[in-house]
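Here is a short briefing on one protein. Look over the sequence and the model first, then read the points below.

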Amino acid sequence: MRTAALPPVVAAVVALAVSGIRRLAPILLESSVSLPSTEALSTYLLSARFTSFLLVYGLLFGVAFLAGLRDADASAASTALATGASATAAFLLGSAAVLWYLGPERGPVATAVFALGASLGVGIQFAVVAYAGVALGESRGDGPISTRP
């Protein structure tokens, strides 16, 4: 059993995108760009959240599913662990960049704890998605599931 290589890479890219998407409202409010109407801003924020959903449950799950389907030696557990670790590190890096841009509203310790907690949550979420995708791909790759009496 080995770790599939593509899901952790995709998870890192998706986690970087999600770290910016989750803080899009403060980024827009703190930046010097002119803000659109509240209705348009709400539409932009909801569209960004939907894009985040598609990236996680569409792209990441699909890549993990294909990894399990195409590679019989791919381990769901080790792929999930690697995916969670890469997503945690990438989200932490993206969060640090966004928080550096915005400037900490809280103290540095509270900001670090908040960013670390959010990063761990994203890492666990991505690990579960990758595990489900690889495990489903492995079960579909074996052919029809036999029923046992």
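The model is predicted.

**Overall build**
- The protein has five helices and zero strands.
- Along the sequence, the pattern reads α-α-α-α-α.
- The C-alpha trace spans about 65 × 35 × 25 Å along its principal axes.

**Helix 4 and helix 5**
- The axes of helix 4 and helix 5 lie 7 Å apart, and the packing angle is about 150 degrees.
- An angle over 145 degrees counts as roughly antiparallel, so helix 4 and helix 5 are roughly antiparallel to each other.
- Helix 4 and helix 5 make a right-handed crossing.
- The contact of helix 4 with helix 5 involves 18 nonpolar residues, eight polar residues and one charged residue.

**Helix 3 and helix 5**
- Helix 3 covers residues 38–70, and its axis comes within 7 Å of the axis of helix 5.
- Those two axes cross at roughly 40 degrees.
- Helix 3 and helix 5 are therefore oblique to each other.
- The crossing of helix 3 with helix 5 is right-handed.
- On the helix 3 side, the residues that meet helix 5 include V56, Y57, L60 and F61.
- On the helix 5 side, the residues that meet helix 3 include Q125, F126, V129 and A130.
- By class, the contact of helix 3 with helix 5 has 13 nonpolar, five polar and two charged residues.

**R49, a residue of helix 3**
- R49 sits in helix 3.
- Which residues does R49 touch, leaving out those up to four places away in sequence? They are I21 and R22.
- R49 and I21 are 28 residues apart in sequence. In space, their C-alpha atoms are 6.9 Å apart.

**The largest pocket**
- How much space lies in the largest pocket? The volume is about 190 Å³.
- Of the 10 lining residues, L99, L102, E105, R106 and F114 are the closest to the centre of the pocket.
- Helix 4 (76–102) and helix 5 (108–141) each supply at least two residues of this lining.
- By class, the lining of the largest pocket has five nonpolar, two polar and three charged residues.

Key. Residues are numbered from 1 along each chain as its sequence is written. This is a predicted model: local features need pLDDT of at least 70, side-chain atom pairs count only at pLDDT 80 or more; totals for chains, interfaces and linings use all residues. Side-chain values use heavy atoms; hydrogens and water are left out. On a 1 Å grid over the protein atoms alone, a cavity is a set of points where a 1.4 Å probe fits but cannot get out, and a pocket is an open set with protein on both sides within 12 Å along at least five of seven lines; lining residues have an atom within 4 Å of a point. Grid points are joined across faces, edges and corners, and a volume is the space filled by probe spheres set on the points. Helices (H or I, at least four residues) and strands (E, at least two) are DSSP runs, numbered from the N terminus. Ala, Val, Leu, Ile, Met, Phe, Trp, Tyr, Cys and Pro count as nonpolar, Asp, Glu, Lys and Arg as charged, and the others, Gly among them, as polar. Axes are lines fitted to C-alpha atoms, for helices over the stretch in contact, and angles run from 0 to 180 degrees between N-to-C directions. Angles under 35 degrees count as roughly parallel, over 145 as roughly antiparallel, 65 to 115 as roughly perpendicular and the rest as oblique. A crossing is left-handed if the near helix is turned anticlockwise from the far one by less than a right angle, and right-handed if clockwise. Contact means heavy atoms within 4.5 Å.
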